[in-house]
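The sequence and the structure come first, and the text follows.

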Amino acid sequence: MFSRKPSPPSSWTEKKEEHHYDNNKITKESSLFFTATLKNNPRLKYTALLFFFLSSWYVINSFWFNLPTKNDNSQNQNDVKISKTTVLNNCRNGTLSVYVYDLPAEFNFGLLENCRHLNVYTDMCPHVANRGLGQPISDLGSGSGSGSTRPSWFATHQFIAEMIFHARVESHACRTRDPGRAALFYVPFYGGLHASSKFRESNLTERDALAVRLVDFLTEQPWWRRNQGRDHLLALGRTAWDFMRAPQGPDFGANSLLNLPPLKNATVLTVERQPWQGKNQRGIPYPSYFHPSTWREVVTWQERVRGSSRPNLFSFIGGPRKGLEKAAIRDELIAQCSGSNRCELLRCGSKCHDPGHVLGVMARSVFCLQAPGDSFTRRSTFDSVLAGCIPVFFSEHTAYSQYGWFLPEERGEYSVFIDEKSEASRRVEEELARIPRERVERMRERVIGLIPRLTYAHPNATDAGFDDAVDVALAALADHVHFKLSLN
């Protein structure tokens, strides 16, 4: 975490001793003696001058160059750079090395040629641009606290993490082109983009065809066979539910990628894991809009949201959901927010897809309500962290059971939990208002400190100087795979 600059120590005064002799007289006599001695001994004079020069240099070096200034951000800067050093050291000593499969184009880049039809609801061509970052944002607006934008801000689609992850790993310091030296094997399959293009495909064989071909390809590779895929990983930009079609029940358009037996050995990174059956699944952050190239950009943004004025106690961004039990809490929260003068409500419409409006609401709020929607998780959780807004969860599966590699183990450090089935969920404003101000400030500082590890750095940043979401995932994967292999 990037903590505030430490406060200077309290002032103190050193008491002078009382003496019963004339100090000025002693000094004058000593000075005359010392001067006479130097005149009669040139060698001693040279030694004294050298001693004076070295002493002066020591004082200047110790107290001038290391003197903190009023606007010194050295504490934050050191925190950022120190965390990155660990990952780079792991790369250099070989404990963290990742090999990237060169897959046939049909599994990734070839899919982008039909970008207009990669999603049954929207044209994905603007979103797959810039290796998945999407279109640059020309202006976030004053409400977000950012003013004019920089090259690190993009209108990134929430279901595009697989492309950004691929772009980051390709240029990562831990990448090796020698599979014999690799600890991890990354399979860059754009499974989420393919899945969303087949949601309305009624022929299940056709819907599963590409997933089946991928597994056939992998099981033929010698590096897969060496450990039966236990050191392999996939990163998927959609929820696990889109790849785990149930044999019975309603058909929501999912394929069966994660139900295929060989993939049970691999580790699957996904923006939402299946809480009960996803033993080999690990949650990774949804991508937000900030993709910094340097640690300086991170520190600058942290300072900006740290100083943001927050007149609203809480806010909610979203719309109602019909026919979904896990989203029933939404109607309750919308009613409470709209009836309170301490809550800002942004009903989902065109403004919900405007990064400036979204971040603006959150930057003006102390707490941001994170109710489940179409599934348990929300991209809004990561937007709220980016805005320095403390997330309030109503389901264990919105974050706590999902992102263990990225979030603090102690949930109370950075979030508030109100069980959606509890009486407290009917009086959210009262519950939030009773939290002491000192605790709120500590929580907000913890949230702001989480920004780097929940952010996807710009793919062109080969050494950004901080650990981003991909760095954190690779480091955790290396430990996870090492443990798995040690069991066999």
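Leu432 has its place in helix H13 (residues 428–433); helices (H or I, at least four residues) and strands (E, at least two) are DSSP runs, numbered from the N terminus. The model is predicted, so local features need pLDDT of at least 70 and side-chain atom pairs count only at pLDDT 80 or more, while totals for chains, interfaces and linings use all residues. Residues are numbered from 1 along each chain as its sequence is written, and side-chain values use heavy atoms, with hydrogens and water left out.

Leu432 counts as buried because its relative accessibility is 1%. Buried means under 20% relative accessible area, exposed over 50%, and partly exposed in between (1.4 Å probe, protein chains only). Not counting residues up to four places away in sequence, Leu432 touches Leu313, Phe314, Phe367, Leu369, Val392 and Val416. Contact means heavy atoms within 4.5 Å. From Leu432 to Leu313 there are 119 residues in sequence, but the C-alpha atoms are 7.8 Å apart in space.

## The sheet

Five strands form an open sheet with parallel pairing, in the order S9-S8-S10-S11-S12. Strand S9 (343–347) and S12 are at the edges with a single partner strand each, so one side of each has no neighbour in the sheet. Two strands pair if DSSP finds at least two bridges between them. S10 and S11 pair in the parallel sense over four bridges. Opposite Val392 in S11 stands Leu369, and opposite Ile390 in S11 stands Phe367.

In a regular strand the side chains alternate between the two faces of the sheet. S11 is covered on both faces: Ile390 and Val392 on one side are buried, and so are Pro391 and Phe393 on the other.

Ser380 lies in helix H12. Its relative accessibility is 10%, so Ser380 counts as buried. Not counting residues up to four places away in sequence, Ser380 touches Met362 and Gln370.

## Two helices

The table gives the end-to-end C-alpha distance of two helices beside the expected span, which is 1.5 Å times one less than the number of residues.

| Helix | Number of residues | C-alpha distance, first to last | Expected span |
|---|---|---|---|
| H7 (residues 204–219) | 16 residues | 22 Å | 22 Å |

The buried residues of H14 are Val440, Met443, Arg444, Glu445, Val447, Ile448, Gly449 and Leu450. Their cover includes helix H9 (295–306), strand S10 (365–370), helix H12 (380–386), strand S11 (390–393) and strand S12 (416–417).

H7 has a kink of about 40°, centred on Leu210; the bend at a residue is the angle between axes fitted to the seven residues ending there and the seven starting there. At the start of H7, the backbone nitrogen of Thr205 has a side-chain oxygen of Asn203 within 3.0 Å. Among the buried residues of H7 are Arg207, Asp208, Leu214 and Leu218. Strand S4 (184–187), helix H6 (191–197), helix H8 (222–227) and strand S5 (232–236) are among the elements that cover the buried residues of H7.

## The whole protein

The secondary structure comes to 15 helices and twelve strands. Of the 488 residues in the protein, 50% are buried. Among contacts between residues at least 6 apart in sequence, 74% join residues at least 24 apart.

Key. Polar contact = N/O pair within 3.5 Å; in protein donor to acceptor, adjacent residues only side chain to side chain.
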